[in-house]
Amino acid sequence: PAAVVSIFDGLLVVYGSRMRWTIASVFMFLGLMGWAVGGVGAVIDSTVSVNSVFHNTLWVPAHFHTYYLMGVVLMLLGFASHLGVEFSGKPDSRLVRRLVVTLFVIGGYGFILIFFWAGAHSVPRRYATYPHELAWGTHDARVSIFLIGVLVLGVLLFLWEAGKRYLQILRTQFIRMRVKL
C-alpha cells in the first residue's frame, strides 16, 4: 500500500502541472520510478513460486540495482543538483540537462534492463564463466558493459557541471569571509 500511494502521489503531482523540468526534478522523478520498479521486482522475486526459479539468477541484483542505483542514487544526485542551483543562482543549461538525462536513462535503465532480461532467462549470478547452455550470458554482459560506459559518461558530465557550481559557491563564500576579516 505504501508503494502504491507513493507512486500514485508522484504521478499525480507531475500530471497536469506546469512543472519546470530541471536536472534535479527529472532525477527526483526518475529516482521515484527506479525505486518503484525495483520494489516491484523485489516483490516478484519474493513470491515463493517465482523465487524458486529466480533465486540465484541475475534477477536478484537487477531489482537491487534498480531501487538503489536508479532510485536512491538518482534522488541524492537530484538533491545535490537542486542545492547547487539554489546556492549558486546559476540555472541548468538546457543542452547539458538533456544530455545528462539522456545518458542516465539510456545507460542506467539499459544496464538494469539487461540484468532483468538475463535473470528472466535464468542466467546465474556469481559465475566467472558461463556454461555452454547459458552462453548468451556473456553477450548480455558485453552489452551491459557498453551501457555502463554510457552511464559513467552521464555521471562524469553531471559531476563536471555540479562541480563548477559548487566551486563558484565556495569562491563566493571565501570572498565573503575575506571581506569580513
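Me: Contact here means heavy atoms within 4.5 Å. Leaving out residues up to four places away in sequence, which residues does G41 touch?
Reply: This is a predicted model. G41 has its place in helix 2. Not counting residues up to four places away in sequence, G41 touches W59, H63 and F116.

Me: Is G41 buried or exposed?
Reply: The cut-off for buried is under 20% relative accessible area. G41 has a relative accessible area of 3%. That is under the cut-off, so G41 is buried.

Me: How far apart in space are G41 and V85, C-alpha to C-alpha?
Reply: In sequence, G41 and V85 are 44 residues apart. In space, their C-alpha to C-alpha distance is 34 Å.

Me: How are helix 1 and helix 2 oriented to each other?
Reply: Helix 1 covers residues 2-14, and helix 2 covers residues 23-46. They pack at an angle of about 155°, with axes 11 Å apart. Angles over 145 degrees count as roughly antiparallel. Helix 1 and helix 2 are therefore roughly antiparallel.

Me: Which residues of helix 2 does helix 1 meet, and how do the residues of the contact divide?
Reply: From helix 1 come A3, S6, I7, G10, L11 and V14. In helix 2 they meet F29, L32, W35 and A36. The residues of this contact divide into 8 nonpolar, 2 polar and no charged.

Me: What is the hand of the crossing of helix 1 and helix 2?
Reply: The two helices pack with their axes 11 Å apart. Where helix 1 passes helix 2, the crossing is left-handed.

Me: How are helix 2 and helix 4 oriented to each other?
Reply: Helix 2 and helix 4 pack with their axes 7 Å apart. The angle is about 160°. Over 145 degrees counts as roughly antiparallel. So helix 2 and helix 4 are roughly antiparallel.

Me: How do the residues of the contact of helix 2 with helix 4 divide?
Reply: Helix 2 passes helix 4 in a left-handed crossing. The residues of their contact divide into 18 nonpolar, 11 polar and 1 charged.

Me: How far does helix 1 reach from its first C-alpha to its last?
Reply: Helix 1 has 13 residues. At 1.5 Å a residue, 18 Å is expected. The reach from first C-alpha to last is close to that, at 18 Å.

Me: Which residue just after helix 1 takes a positive phi?
Reply: The phi in question is about 75°. The residue just after helix 1 with this positive value is G16.

Me: What is the phi of S122?
Reply: S122 follows helix 5 and lies in the loop between helix 5 and helix 6. Most residues other than glycine have a negative phi. S122 is a residue other than glycine with a positive value, near 65°.

Me: Where is K90, and which residues is it in contact with, leaving aside neighbours within four places in sequence?
Reply: K90 sits in the loop between helix 4 (59-88) and helix 5 (94-120). At 36% relative accessibility, K90 counts as partly exposed. Leaving aside neighbours within four places in sequence, K90 is in contact with V85, R165 and Q168.

How values were computed: Residues are numbered from 1 along each chain as its sequence is written. This is a predicted model: local features need pLDDT of at least 70, side-chain atom pairs count only at pLDDT 80 or more; totals for chains, interfaces and linings use all residues. Side-chain values use heavy atoms; hydrogens and water are left out. Buried means under 20% relative accessible area, exposed over 50%, partly exposed in between (1.4 Å probe, protein chains only). Axes are lines fitted to C-alpha atoms, for helices over the stretch in contact, and angles run from 0 to 180 degrees between N-to-C directions. Angles under 35 degrees count as roughly parallel, over 145 as roughly antiparallel, 65 to 115 as roughly perpendicular and the rest as oblique. A crossing is left-handed if the near helix is turned anticlockwise from the far one by less than a right angle, and right-handed if clockwise. Ala, Val, Leu, Ile, Met, Phe, Trp, Tyr, Cys and Pro count as nonpolar, Asp, Glu, Lys and Arg as charged, and the others, Gly among them, as polar. The expected span of a helix is 1.5 Å times one less than its number of residues.
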